[in-house]
Number of protein chains: 2
Amino acid sequence: MAERALEIRSESHTYPIYIAAGLRHQTADILKGLGKSTFSAVLIVTDETVGPLYAEEVAASFADEQPLYICTLAAGEQSKSMETYYELMTFALNCHLDRNSVIVALGGGVVGDAAGFAAATYMRGIDYVQMPTTLLAHDSSVGGKTGINHPLGKNLIGAFHPPAAVIYDTETLYTLPEKEWRSGLAEVIKHGWIQDPELLKVIKDQWLDLSAVPVDVLNDTIRQSIQVKAEIVQLDEREAGIRAFLNFGHTLGHAIEAEAGYGTLTHGEAVAIGMDFAMKLSGKVLGSSLDSEAYNEEMIRLGYDLTIPASCEPETLLAHMKRDKKAAEQKVRFVLLQEAGVPLVRPVEDDTILDLLKEEMTI
Amino acid sequence: MAERALEIRSESHTYPIYIAAGLRHQTADILKGLGKSTFSAVLIVTDETVGPLYAEEVAASFADEQPLYICTLAAGEQSKSMETYYELMTFALNCHLDRNSVIVALGGGVVGDAAGFAAATYMRGIDYVQMPTTLLAHDSSVGGKTGINHPLGKNLIGAFHPPAAVIYDTETLYTLPEKEWRSGLAEVIKHGWIQDPELLKVIKDQWLDLSAVPVDVLNDTIRQSIQVKAEIVQLDEREAGIRAFLNFGHTLGHAIEAEAGYGTLTHGEAVAIGMDFAMKLSGKVLGSSLDSEAYNEEMIRLGYDLTIPASCEPETLLAHMKRDKKAAEQKVRFVLLQEAGVPLVRPVEDDTILDLLKEEMTI
């Protein structure tokens with residue numbers, strides 16, 4: 001029987017996280033071990049990239065005790081649309097899922113978010129299990145955020161609905177392209193900077209070859225990184241306070257992602273640039289003495305490019321960061337670092353942001 | 001300042017229920033008294049029947065402290081569609097509602113369910129307030145059930161999302177047609193039979209003229225009826241057990257509503273027939289000695305017709321009641337009464353149901 005790596009406390013229940021190579025073959029056993037009565041039906045939601053690789057293996061772990069269905073979404077962000085959501089609900093209804101059924105979200109963040117939102121709203125909420133198959137999804141699979149996009153913005157429609165379990169088969173990560181490893185690792189590095197500098201040392205010393213990291217190191221790193229996320233989320237599930245620290249690097253990161261065009265940079269690549277910027281801003285605003293050069297060196301070793309894309313204008317990036325504010329005069333709130341492991345949130349003057357952006361972009 | 005008639009404990013928070021004539025003029029004050037910081041914006045969701053009567057009065061209770069918007073849905077069940085839900089979300093986004101905004105659901109059950117589901121899923125959940133304007137909605141406005149319909153069935157898409165408050169301006173009920181009073185009163189009578197026989201006495205003695213009941217009697221009756229619902233829901237928010245008692249009269253009631261065609265009978269009129277049937281079934285299955293004749297007499301005094309519509313076939317009604325069951329061999333589970341105030345759930349043989357249906361329909 002698989003061992004629980006972590007347990008996460010949410011508002012409504014506590015759920016286990018399993019992390020190990022090959023767990024997909026034990027999916028049914030792990031579900032049985034959750035202490036609920038047998039699920040009446042199982043619906044695996046996956047996408048066209050992950051499905052052909054692993055869906056049948058997950059399905060094969062189940063005996064014929066209950067009906068099992070597989071719903072394969074198109075790969076990519078487009079599956080977080082209202083149309084796909086509606087199709088997914090119709091699919092689930094046609095499979096006669098009831099309140100005792102379970103949805104298994106097998107894939108990256110898009111599958112997790114979309115399948116999670118379907119589970120959150122199917123007959124007012126049924127169980128679902130996250131089976132992340134990317135490194136980036138170690139972040140999104142924990143914390144209970146589910147949702148889809150609206151043409152007016154990402155994740156605007158959604159619900160908090162923590163999973164019944166997270167089953168992380170780390171073997172599935174080794175089919176990822178290096179770019180995707182890098183996207184996920186940026187969130188690990190973020191967790192290191194805001195709370196657990198030890199993680200940064202692990203990456204420096206043990207992540208020598210990005211996409212060929214030994215599986216033991218991978219398992220440990222994921223566990224430590226989820227631990228950081230879990231501690232913060234447990235204290236602040238609904239984002240009233242310290243959960244904001246998780247946005248370190250994301251204020252500028254999101255703006256760059258949007259302005260450069262989604263897909264040009266991965267999420268993590270944009271966040272890596274955002275963290276670099278936030279560290280320099282921490283120096284200017286708080287007088288923090290972070291070793292920004294060492295950060296740069298380490299990130300370059302891992303293959304990140306920390307240059308803000310030339311297609312982005314400083315004024316446009318600032319406007320994007322201010323877009324969600326209620327009043328134009330309101331300042332952008334940045335997550336800054338007093339030192340490694342000590343984050344805080346500060347409103348920053350427009351001019352300070354603009355000056356640093358211009359400085360960075362003319363180097 | 002308005003007085004709290006009741007407080008309801010939900011999984012996530014406790015919320016007050018205000019019941020009095022004229023409360024719509026105090027909406028803003030009541031919202032302020034909820035102890036949250038000022039809401040950043042207010043969106044009143046209503047329908048084409050209720051909106052022209054009361055929306056401006058509710059709006060007028062607010063000073064210009066925050067932006068206020070009104071979204072008017074078409075009247076009737078059609079507004080619980082996916083299309084209307086999407087339009088409502090787009091409307092809210094265009095009004096720049098944020099996580100500190102509030103939705104005010106002003107109307108009957110359809111408005112409450114649809115606006116509540118929008119609030120449940122807007123940016124992963126924002127506050128909303130129920131302002132029921134029908135007697136029937138005294139039932140649906142408490143308990144946190146929100147949702148919309150799918151072509152494959154009613155309320156299949158939804159969430160549990162308890163309101164921040166229920167503001168019941170009982171003055172608004174007096175514009176209802178008598179048929180609607182009757183629809184709501186059936187749920188009051190149901191609460192009487194399953195838990196509080198005293199309520200039945202109140203109706204018999206004090207509800208002499210259905211739609212012209214004195215407002216004091218109306219307020220007290222609503223408070224008592226909500227009290228029953230609240231006690232059950234507080235013990236079983238997510239319908240694992242005793243919440244099923246609230247389905248008394250609804251097993252056959254729902255089947256009649258669907259088979260006779262929605263809109264032919266009101267919900268409450270169908271439930272009244274269903275309660276009559278469940279009482280007779282209680283006699284057959286449990287040997288209960290309920291005074292079914294007195295029930296009939298009282299219901300006829302109130303203008304109900306307890307005849308199962310001739311357009312319904314016994315076999316079709318049975319098939320409808322069995323439709324949601326996982327296996328065809330599974331029995332229909334009825335809420336029966338041991339005596340007034342003592343409900344229990346029992347699986348009943350198909351033949352027993354069919355025989356009684358035929359008996360009832362040939363009288």
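Helices (H or I, at least four residues) and strands (E, at least two) are DSSP runs, numbered from the N terminus. With that in hand, here is a short tour of some packing details.

## About the model

This is a predicted model, in which local features need pLDDT of at least 70 and side-chain atom pairs count only at pLDDT 80 or more, while totals for chains, interfaces and linings use all residues. Residues are numbered from 1 along each chain as its sequence is written, chains are lettered from A and ligands numbered from 1 in the order in which they are written, and side-chain values use heavy atoms, with hydrogens and water left out.

Let's begin in chain B, where B:R182 belongs to helix α6 (residues 178-194). B:R182 has a relative accessible area of 11% and is therefore buried; buried means under 20% relative accessible area, exposed over 50%, and partly exposed in between, using a 1.4 Å probe and protein chains only. Leaving aside residues up to four places away in sequence, B:R182 touches B:L210, B:E269, B:L302, B:G303 and B:Y304, where contact means heavy atoms within 4.5 Å. For B:R182 and B:E269, which lie 87 residues apart along the chain, the C-alpha atoms are separated by 7.0 Å.

Over in chain A, helix α6 (residues 178-194) holds A:S183. A relative accessible area of 1% makes A:S183 buried. Again not counting residues up to four places away in sequence, A:S183 is in touch with A:L136, A:T266, A:H267, A:G268 and A:E269.

## Where α3 meets α4

In chain A, helix α3 (residues 82-94) packs against helix α4 (residues 109-121) at an angle of about 55°, and the axes are 10 Å apart. Axes here are lines fitted to C-alpha atoms, for helices over the stretch in contact, and angles run from 0 to 180 degrees between N-to-C directions. That angle makes α3(A) oblique to α4(A): under 35 degrees counts as roughly parallel, over 145 as roughly antiparallel, 65 to 115 as roughly perpendicular and the rest as oblique. On the α3(A) side, A:Y85, A:L88 and A:M89 make the contact, and α4(A) supplies A:A114, A:A115, A:F117, A:A118 and A:T121.

Now for chain B. The axes of helix α3 (residues 82-94) of chain B and helix α4 (residues 109-121) of chain B come within 10 Å, crossing at roughly 55°, and α3(B) and α4(B) are therefore oblique to each other. Here B:Y85, B:L88 and B:M89 from α3(B) meet B:A114, B:A115, B:F117, B:A118 and B:T121 from α4(B).

## Aromatic pairs

Rings of Phe, Tyr and Trp (its six-membered ring) pair if their centres lie within 6.5 Å; planes under 30 degrees apart count as stacked, over 60 as edge-to-face and the rest as tilted. The count is ten aromatic pairs over all chains. In one of them, A:F277 and A:F334 have ring centres 6.1 Å apart and planes at 45°, so the pair is tilted. Because A:F277 lies in helix α10 (residues 267-286) of chain A and A:F334 in strand β10 (residues 332-339) of chain A, the pair ties together parts that are 57 residues apart in sequence. Both A:F277 and A:F334 are buried.

Elsewhere, A:Y174, A:W181 and A:W207 form one aromatic cluster.
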